[in-house]
Amino acid sequence: MLPAIILNQGRDYSVSRRHPWIFSGAINRVEGTPEPGGTVAIRAADGTPLGLAAWSPESQIRARVWSLDPAETIDDAFFERRLAAAIAGRSVLLASDTTNAFRLVNAEADGLPGVTVDRYDSHLVCQFTTTGAERWKPAIVESLTRLWPCAGIYERSDADVRKHEGLEPVRGCLAGAEPPERIEIRENGCRFLVDIRGGHKTGFYLDQRDNRALVTPYTTSADVLDVFSYTGAFGIMARQAGAASVTHIDLSSDALALARENTRLNVCDGDADENFIAGNTFEVLRTFRDSRRSFDVIVLDPPKFGDARKHVMAACRGYKDINLLALKLLRPGGILATFSCSGLVTPDLFHKVVADAAVDARRDVQVIRRLQQASDHPEGLGFPEGLYLKGLLCRVS
Ligand code: SAH
């Protein structure tokens, strides 16, 4: 018999809405002694079986739903079925040939909480962020080698979230060959070098692919400012589309060094020193404002500003500050592509913050399009937390 968690009266509501997280406060009692990462049966207060979940004894999210079918068996074959379905869900992207780097498995949205798998050309990069995912890692890796024959599978389970689960950070080769120092990928007609061992996340911000394609048409003949540029993807696409100039700003000189290499790979004359500014955005934008620099297109793609509820107000102040500065640097008719990847900042809240910045900047702003993470990073309809990246593509008069 599987160990079981019995929910408090009324706390089966979110499970019945197909939400995959069960918080510690929802659990009335535990029957049996589940192992960390082991499977538990979920039961309502009256004993009705609701499904099966992975047990995370150290996390506030105490259990994550694997299946809402109480009769399902959680075994190697279950993971193979879920992985195959996730891969099948990317068939349109695979057929389109716009890229050879995309997310194959997006955790909760693909019915696999804690598991992400990204493809970079002939290598896969996995992240296992929960005890449940960790428990089934060998089975998942084994299935991936069958479902997606590749040169190697590398692990980048070094995200901070693992500590909430009592898991140590790990990275290293899980199967096949070690990845080369740089993997070259294609995206929307550009080439990018990716460092999957040492880069951010699994190496590249794959979640911005669709947005880069939407922003690029506005950059022809424009002076473009790519703020928080990382390895240069937005700016390089702009350069290739005929931007008059592109200026990258990032705190990380390593990221900018790769942005320079990537620039050389795509255009022959775009890597002059003045185009790559290693510095703190908040300071650099102020010096630009004071020296009256101006641009036609500005991309603002900051990192997460805090990840706990208590950080939301501070995050909003940060967003308002940089959006206000950017609005002041834009020429009339200019384009602002502004983003937030903080899961706790909702699309509505982000919209309000940018609107507040426009009020202070005394600029009229049209939203041309609301933006979100790329289609290979789907959001479960019953799991709004899955929509973490949101943005606004604006025209500023
Ligand atoms: N636009 C990028 C992804 C940006 S990720 C792309 O499309 O690939 C966020 C980036 O912000 C990281 O590269 C990080 O180094 C940088 N960063 C973080 N804090 C910063 C700060 N205060 N000033 C400048 N850059 C910063």
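Start by selecting the ligand and the 15 residues that surround it, of which the closest are Arg212, Asp250, Asn280, Thr281 and Asp301; a residue belongs to this shell if one of its heavy atoms lies within 4 Å of the molecule. What you have open is a predicted model, in which local features need pLDDT of at least 70 and side-chain atom pairs count only at pLDDT 80 or more, while totals for chains, interfaces and linings use all residues. Residues are numbered from 1 along each chain as its sequence is written, and side-chain values use heavy atoms, with hydrogens and water left out.

Colour the shell by class and you will find six nonpolar, six polar and three charged residues, where Ala, Val, Leu, Ile, Met, Phe, Trp, Tyr, Cys and Pro count as nonpolar, Asp, Glu, Lys and Arg as charged, and the others, Gly among them, as polar.

Next, display the polar contacts, which are pairs of N or O atoms within 3.5 Å. At arginine 212, a polar side-chain atom lies 2.6 Å from an oxygen atom of the ligand. Taken alone, the ligand exposes 590 Å², and the protein buries 91% of that, the areas coming from the Shrake-Rupley method with a 1.4 Å probe.

From there, select tyrosine 230, in the loop between strand S14 (223-227) and helix H7 (233-240); helices (H or I, at least four residues) and strands (E, at least two) are DSSP runs, numbered from the N terminus. Tyrosine 230 has a positive phi of about 50° although it is not a glycine, and it is buried, with a relative accessible area of 10% (buried means under 20% relative accessible area, exposed over 50%, partly exposed in between, with a 1.4 Å probe and protein chains only).

Continue into H7, where seven of the eight residues are buried, so the helix is largely enclosed by the rest of the structure; among the buried residues are Phe234, Ile236 and Met237. Glycine 242, which follows H7, has a positive phi near 100°.

For a contrast in setting, move to arginine 292, in the loop between helix H9 (281-290) and strand S17 (295-300). Arginine 292 also has a positive phi, of about 60°, although it is not a glycine, but at 75% relative accessibility it counts as exposed.

Now turn to the sheets, in which two strands pair if DSSP finds at least two bridges between them. Select S7 to S11, five strands that form an open sheet in the order S7-S8-S9-S10-S11 with mixed pairing. Its edge strands are S7 (101-106) and S11 (170-176), each of which pairs on one side only. Strand S7 is joined by five bridges to S8 (residues 115-120), and the two run antiparallel; phenylalanine 102 stands opposite arginine 119 in S8.

Finish at the open sheet of six strands, ordered S2-S6-S5-S4-S1-S3, also with mixed pairing. Strands S2 (21-23) and S3 (27-31) stand at the edges with a single partner strand each, so one side of each is left without a neighbour in the sheet. Inspect S4 (residues 39-43) and S5 (residues 49-55), which run antiparallel and are joined by five bridges, with threonine 39 standing opposite alanine 54 in S5.

Notes. A polar contact is a pair of N or O atoms within 3.5 Å; within protein, one must be able to donate a hydrogen and the other to accept it, and residues adjacent in sequence count only if both atoms are side-chain atoms.
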